[in-house]
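Here is a short briefing on one protein chain.

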Amino acid sequence: ETITLEFGVSGLLYNSNVVMYERNTMGLWSQVYMQAITGPHAGRTLEHLPVRMMTFAQFDRQHPDGFVLTTQTGHRRDYRRNPYAGYFRSDRLFMPMEFSDALPAKTLGMGVRLGEYTAFVTAEAAREDPVTLQTPGGEVVITFRDNAGMFVRSAPPKARVVQTFWHSWSAFHPGTRIIRPGE
């Protein structure tokens, strides 16, 4: 069954990560847990679409006829400024939470989930060479792309992959496999 959902940002956090709300049902959806956590769709996951993070210059070169959302939203906000820049540079979290201390809390990486299999590939591990994970459903290949972040080169259709910080990933997926540089 295909249904159309429309999401907004709830302003809530779950394990220090964004919670979206679905406008028609008001159900809440976790970004890192990758499923609905309340409402009539609780437990349901979305079709996972590939995402590429890149600079605007890269996007413009690769997609000269692409569409870009306007910053003319009717709200007084400077969209040229990242409101979270200070948060990303500091060690502080938005709220106290329990997570694994196997890595520093704000280690950037890519969380991978396929069924019961979970792994976290640190950005540093993918910076020099692509990282290939052998999952029960097939290979997941992750690499680092300059200042635009991490990139999933390939993954099986049912793999769920998200760029996030270690503290959020490990709170949702305790005991996850960690891929560090040289592993």
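Contact here means heavy atoms within 4.5 Å. This is a predicted model, where local features need pLDDT of at least 70, side-chain atom pairs count only at pLDDT 80 or more, and totals for chains, interfaces and linings use all residues. Residues are numbered from 1 along each chain as its sequence is written, and side-chain values use heavy atoms, with hydrogens and water left out.

**Overall build**

- The protein chain has four helices and eleven strands; these are DSSP runs, with helices (H or I) of at least four residues and strands (E) of at least two, numbered from the N terminus.
- Its C-alpha atoms fill a box of roughly 50 × 40 × 40 Å along the principal axes.
- Of the 183 residues, 38% count as buried. Buried means under 20% relative accessible area, exposed over 50%, and partly exposed in between (1.4 Å probe, protein chains only).
- Among contacts with a separation of 6 or more, 47% join residues 24 or more positions apart.

**Nonpolar cores**

- A nonpolar core is a set of buried Ala, Val, Leu, Ile, Met, Phe, Trp, Tyr and Cys residues joined through side-chain atoms within 4.5 Å.
- The largest such core has 18 residues, and Val121, Leu133, Ile142 and Met150 touch the most other members.
- Two or more residues each come from strand E5 (108–114), strand E6 (117–122), helix H3 (123–128), strand E7 (131–135) and strand E8 (138–145).
- A second, separate core has nine residues, including Leu103, Phe120, Val162 and Trp166.
- Leu133 touches Val112, Tyr117, Ala119, Val121, Gly138, Glu139, Val140, Arg177 and Ile179, not counting residues up to four places away in sequence.

**Met34**

- Met34 sits in the loop between strand E3 (28–30) and strand E4 (35–36).
- Met34 counts as buried because its relative accessibility is 11%.
- Not counting residues up to four places away in sequence, Met34 touches Thr45, His48, Arg113, Arg160, Val161, Val162 and Trp169.
- Met34 and Tyr87 are 53 residues apart along the chain, and their C-alpha atoms are separated by 23 Å.

**Ser16**

- Ser16 lies in the loop between strand E1 (7–13) and strand E2 (18–22).
- Ser16 has 7% relative accessibility, so Ser16 counts as buried.
- Leaving aside neighbours within four places in sequence, Ser16 is in contact with Tyr87, Leu93, Phe94, Met97, His167 and Ser168.
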